[in-house]
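Student: I am new to this structure and would be grateful for a close look at a single part of it. Please then connect that part to the wider assembly.

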There are 4 protein chains.
Amino acid sequence: MSFDVRTQVRFAHVDAAGIVFYPRFFEMLNGAVEDWFDQSLGCHFTVLQKVHGLAVPTVHLETDFVVACELGEWLDIRLEVERLGEKSVTLSFAFTVAGERRLGGKVVLVCMELGVRRARPWPEDLRARMQSALVGTLDA
Amino acid sequence: MSFDVRTQVRFAHVDAAGIVFYPRFFEMLNGAVEDWFDQSLGCHFTVLQKVHGLAVPTVHLETDFVVACELGEWLDIRLEVERLGEKSVTLSFAFTVAGERRLGGKVVLVCMELGVRRARPWPEDLRARMQSALVGTLDA
Amino acid sequence: MSFDVRTQVRFAHVDAAGIVFYPRFFEMLNGAVEDWFDQSLGCHFTVLQKVHGLAVPTVHLETDFVVACELGEWLDIRLEVERLGEKSVTLSFAFTVAGERRLGGKVVLVCMELGVRRARPWPEDLRARMQSALVGTLDA
Amino acid sequence: MSFDVRTQVRFAHVDAAGIVFYPRFFEMLNGAVEDWFDQSLGCHFTVLQKVHGLAVPTVHLETDFVVACELGEWLDIRLEVERLGEKSVTLSFAFTVAGERRLGGKVVLVCMELGVRRARPWPEDLRARMQSALVGTLDA
């Protein structure tokens with residue numbers, strides 16, 4: 001039910017202390033959400049924008065940074081649907097390196113109509129696919 | 001007691017939906033923390049690093065994004081010391097535009113020794129200055 | 001005739017070697033171009049986009065990086081109009097610190113219609129203001 | 001003899017005009033150079049830094065941006081060694097999408113000693129591997 005991607009810590013991510021500058025983690029997280037939309041929900045961000053006229057801005061974010069990440073490390077990013085609202089979705093996320101938790105938290109995305117910049121209900125097919133990814137969903 | 005800075009939304013901050021891409025807010029927030037260290041605590045990040053051998057990585061972050069921000073808008077960023085620990089400090093922050101709250105939250109920074117990358121107590125003078133900036137401190 | 005702005009090297013700009021990661025210089029350069037449009041040409045990027053339906057993408061760039069820039073340094077950025085074409089403008093730029101040249105080069109911007117993404121002639125008033133900023137223009 | 005990598009245009013790369021903001025291309029280019037060092041030269045940036053005490057700052061850059069790149073597109077980045085100096089290397093680069101040239105140019109990197117921040121000759125093994133990647137090298 002979870003969605004997993006890998007990404008590597010790049011020179012562009014690292015600060016003067018030799019560790020990832022934390023805003024860069026959110027660029028990576030946003031990339032993972034893009035991949036989730038594309039690969040799991042069957043709706044690349046370009047389709048979301050151009051076909052549906054939608055965007056998914058972040059309205060809430062909380063993160064614990066547990067262990068610093070260094071240049072060259074491979075980060076496993078896991079996303080899980082924690083709560084599915086009519087117009088929003090709450091994802092929990094975790095970044096691990098070889099199984100060690102480096103950071104994690106949750107992020108709330110809202111379904112927004114691009115033209116008017118107002119929240120609206122998820123399109124039915126997107127919602128159905130998110131629903132089936134919901135953690136704890138019983139298959140029986 | 002609070003610390004205030006202004007910054008403008010730049011083309012580099014804005015996404016395809018015409019609003020600030022949220023990781024960019026944390027670059028701005030980090031800039032505000034730099035200014036706070038420099039202007040209020042009397043300790044620019046370069047001094048912190050080169051003289052004290054310290055860095056202040058973020059260990060916790062939570063944010064509510066209330067209203068989107070657009071290219072050209074001037075953001076007033078306010079920082080307040082909410083809690084001062086032996087080795088950490090909790091800041092609350094708010095970004096407003098002409099008094100309207102756009103985003104806000106809190107961020108926890110830790111005093112880290114650069115060489116060993118381990119938390120350590122704040123240097124006495126830094127701690128004293130943070131203490132005096134603590135919200136709710138009685139002056140009498 | 002030249003346009004000058006100052007900006008400070010931030011923690012977000014600096015890499016593991018303790019110096020500005022070069023793509024960050026172009027974020028600063030773009031910021032200087034925004035300020036030039038706003039303050040000298042009287043046309044903020046938001047007006048350019050929303051009123052005129054235009055953008056000014058970069059089509060050519062060349063840069064020499066002479067001396068590295070460090071955290072906390074104040075950079076003086078100077079822009080000069082070197083050549084004004086019907087649909088493009090060539091700016092030379094220099095970043096100095098206390099008069100010492102750190103980097104410099106030239107950048108060519110094109111006047112692009114947002115809808116069709118095609119080059120078009122500069123609006124008359126913009127062109128006239130760029131013309132008057134042209135280096136070497138005789139006033140007599 | 002050339003080195004090729006692929007990367008996808010992400011939401012984080014794209015500006016308000018819906019196309020890649022040009023400084024992001026240089027983050028991608030830097031990533032390609034990292035991969036080249038790691039995969040072709042057998043020397044990941046972390047080894048370069050921690051074992052050799054070296055960095056490879058960019059001292060010259062020139063780029064033509066031919067066609068804009070959009071969200072979701074897959075960019076093929078090709079690097080070629082154009083000239084190998086005692087203390088520097090000139091790479092030509094091209095970004096294409098399905099064979100169509102989008103941007104290209106050249107970049108000059110210098111071998112720098114991290115401690116003193118001064119150029120120095122390439123380590124012998126690195127130099128030998130770069131030499132063998134030189135465009136136009138005769139194998140016979």
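Tutor: D:Leu109 is buried, with a relative accessible area of 3% (buried means under 20%, exposed over 50% and partly exposed in between, with a 1.4 Å probe and protein chains only). This is a predicted model, in which local features need pLDDT of at least 70, side-chain atom pairs count only at pLDDT 80 or more, and totals for chains, interfaces and linings use all residues. Residues are numbered from 1 along each chain as its sequence is written, chains are lettered from A and ligands numbered from 1 in the order in which they are written, and side-chain values use heavy atoms, with hydrogens and water left out.

D:Leu109 belongs to strand S6 of chain D, residues 100-110; helices (H or I, at least four residues) and strands (E, at least two) are DSSP runs, numbered from the N terminus. Leaving aside residues up to four places away in sequence, D:Leu109 touches, among others, D:Val33, D:Phe37, D:Val56, D:Lys87 and D:Trp122, where contact means heavy atoms within 4.5 Å. D:Lys87 is 22 residues from D:Leu109 along the chain, and their C-alpha atoms are separated by 8.6 Å.

Chain D also meets chain A, with 18 residues of chain A in contact with 18 residues of chain D. The area buried between chain A and chain D is about 1,400 Å², of which carbon and sulfur atoms give 46%; buried area is the accessible area (1.4 Å probe) that two parts lose on being put together, summed over both. On the side of chain A, A:Arg10, A:Phe11 and A:Leu71 lose the most area to chain D, together 34% of what that side buries.

A:Arg10 also forms a salt bridge with D:Glu34 through their side chains (3.8 Å, N to O). The rule finds 6 salt bridges across the interface of chain A and chain D, each a side-chain nitrogen of Lys or Arg within 4 Å of a carboxyl oxygen of Asp or Glu. Helix H1 (22-40) and helix H2 (45-50) of chain A are the elements that give two or more residues to the side of chain A that touches chain D. H1(A) gives the most to that side, with 5 residues. The residues of the side of chain A that touches chain D divide into 5 nonpolar, 7 polar and 6 charged; Ala, Val, Leu, Ile, Met, Phe, Trp, Tyr, Cys and Pro count as nonpolar, Asp, Glu, Lys and Arg as charged, and the others, Gly among them, as polar.
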